[in-house]
Amino acid sequence: MSCCFCDGLSARCLGRGGVLRDLSGVLRAAAARPATTHVRRKTVNTPTKTSGIGAGKAADLTYWEGAARMIASCSTSSKIVVEKSTVPVKTAEAIQKVLTRNCTDPNVQFEILSNPEFLAEGTAISDLQNPDRVLIGGQETESGRKAVATLKWVYEHWIPSERVLTANLWSAELAKLTANAFLAQRISSINSISALCETTGADVSQMCLLGSVIDADVHAMTLDLCMGIGTAKIEKGGQDMTSQVVHLVPFDLLADVPCPDPVAHAIGTDSRIGSKFLNASVGFGGSCFQKDILNLCYVCESVGLKEVADYWFSVVSMNDYQKNRFVERVISSMFNTVSKKKIAILGFAFKKDTGDTRETPAIDVCKGLIRDGGKCAIYDPEVKQDQIFRDMSTPKFEWDRPNYNKTESHFLDNVQVCGHGAPDTSGGCRVCSTPEDAITDAHAICVMTEWDAFKTYDYPALYTKMQKPAFIFDGRNVLDHNKLREIGFIVYALGKPLDPFLQKAY
């Protein structure tokens, strides 16, 4: 979609507290007079190339170039063109050439700005209304600085000026790629530690950073709690020893201390690191993380920085490893075969509170189970059946093309569309309308999305409807594992000590 700010209309559209007010009217007005629109914001697909030079990593800028040619062909006055899509660094330079060479009016000038989106799926509107920051990059020329000031003025109608950051054009283009790379890196880092926890008997969610210079001479210890994170004040011989708190103490010694997901907090309470994006899981998904990292890798390779490219590619490799490891854990736990076994897949979206399935880990997990002969019964409260089967059948990276949802899907040979109540012999994959339908007669449950509703199910009743032994593989660590074990489930909790039933005897 190409969004336009029209002269004199943007301020009325973007008044404080009413970001979206009358926006549709503004866009209609802009479409009616594209030649006179002063600022044009371009948001087009930049999919990963699937063939040719850079296939599997480089961004395909076909749609970006097409949009630039269209702008050039109809422009009769100078324009500020704003990049909103995630693009490789130096893309603005190429677009400038396309615009200049395709505009027939020599008096028309184009100024390119980079204004990358930092909106999160599921909270995009609130992120737009109250963003952490807005970044605008432009050329370090008089006309470039004037263009930056123009767009900054627009944002300042509802965003405090100190949150509107400015940079040079290339820094802004690179910022979005590196921001997503850093976030994904954190997820892969904690996921790598989850694998180590399982093999060593450590517990990714049962250790809390609280401290300890505890010894026979410690006369008193008091705990000050803030937001569920423990901090210790140690007194030794009447002397405050708080600054000497340096160790980890087992969480079971602090049973009354609320400390959710404490290993991540143990790292995250270090102010130099922070606590976000440190929850171990089956892997990251979404439209940006993998695509942007691969794009970053290609840029590094293109300028001869192979070691840098290899470093960032390892983030994607670790994500793939985590998904494969989850599949292997399911298969090995179920006596090294899932052939003809029904497996309930709870959740298909890449995270809760959205129906977005782009690059969701559930795709690779389901395909891995199907390849071993398993029969996946998928339930997600927000994702429609057609979307699930399209995702299961579409070649990698094709989802990011504009005609993706309009083309007829060619389903995989072992992925068949089955209606409600269809027999399990109907194929390798079926979509269920209720969790009960997915779980009935299943040998295992795999939790793939952290939907809050999954925590509230009547698991004692569901247990009676499953084949025995009944397994639960929690890829998001959202369930009460102790209660599930009391019911009779064999539970695999990602990053935690393995259930004795799951430990190999060799």
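**Helix packing, cavities and backbone in a predicted model**

Trainee: In this predicted model, α10 and α11 are oblique to each other. At what angle do helix α10 and helix α11 pack?

Mentor: Two packed helices are described by the angle between their axes and the distance between the axes. Here α10 covers residues 306-333 and α11 covers residues 361-371, and their axes are 9 Å apart.

Trainee: Which residues in α11 meet α10?

Mentor: The crossing of the two helices is right-handed. By class, their contact has seven nonpolar, one polar and two charged residues. From α10 come Lys323, Phe326, Val327, Val330 and Ile331, and the residues that they meet in α11 are Pro361, Asp364, Val365, Gly368 and Leu369.

Trainee: How are α7 and α10 placed, and is the crossing left-handed or right-handed?

Mentor: The axes of α7 and α10 come within 9 Å and cross at roughly 40°. That angle makes α7 oblique to α10. The hand of the α7 and α10 crossing is left-handed.

Trainee: How many charged residues does the contact of α7 with α10 have?

Mentor: On the α7 side, the residues include Ala181, Phe182, Gln185, Asn191 and Glu198. On the α10 side, they include Tyr311, Trp312, Met318, Arg325 and Arg329. The contact divides into nine nonpolar and seven polar residues, and the number of charged ones is three.

Trainee: How far apart are the axes of helix α7 and helix α9?

Mentor: Helix α7 spans residues 169-200 and helix α9 spans residues 289-302. Their crossing is left-handed, and the angle is about 115°. The distance between their axes is 8 Å.

Trainee: Which residues of α9 make the contact with α7?

Mentor: The residues of this contact divide into nine nonpolar, three polar and two charged. Those of α7 include Leu174, Lys176, Leu177, Ala181 and Ile187. Those of α9 are Phe289, Asp292, Ile293, Asn295 and Leu296.

Trainee: What space lies in the largest cavity?

Mentor: Rolling a probe the size of a water molecule over the atoms shows where empty space is left. The count comes to two cavities of 30 Å³ or more. The space in the largest cavity is about 40 Å³.

Trainee: Which element gives the largest share of the lining of the largest cavity?

Mentor: The lining is formed by Glu83, Ser85, Thr86, Val87, Ser114, Pro116, Ala172, Glu173 and Lys176. By class, it has three nonpolar, three polar and three charged residues. The largest share is three residues, and these come from α7.

Trainee: Is the peptide bond from Lys468 to Pro469 cis or trans?

Mentor: Most residues other than glycine have a negative phi, and most peptide bonds are trans. Pro469 lies in the loop between α14 (459-464) and β16 (471-474). With omega near -5°, the bond from Lys468 to Pro469 is cis.

Trainee: What is the phi of Lys90?

Mentor: Lys90 has its place in the loop between β3 (79-83) and α4 (91-102). Its phi is a positive value in a residue other than glycine, near 85°.

Technical notes: Residues numbered from 1 in each chain as written. Predicted model: local features only at pLDDT ≥ 70, side-chain atom pairs only at ≥ 80, totals over all residues. Heavy atoms only, no water. Axes fitted to C-alpha atoms, helices over the stretch in contact; angles between N-to-C directions. Helix = DSSP H or I, 4+ residues; strand = E, 2+ residues; numbered from the N terminus. Parallel < 35°, antiparallel > 145°, perpendicular 65-115°, else oblique. Left-handed = near helix turned anticlockwise from the far one by under 90°. Contact = heavy atoms within 4.5 Å. Nonpolar A, V, L, I, M, F, W, Y, C, P; charged D, E, K, R; others polar. 1 Å grid on protein atoms, 1.4 Å probe; cavity = no way out; pocket = protein on both sides within 12 Å on 5 of 7 lines; lining within 4 Å. Points joined across faces, edges and corners; volume = space filled by probe spheres on them.
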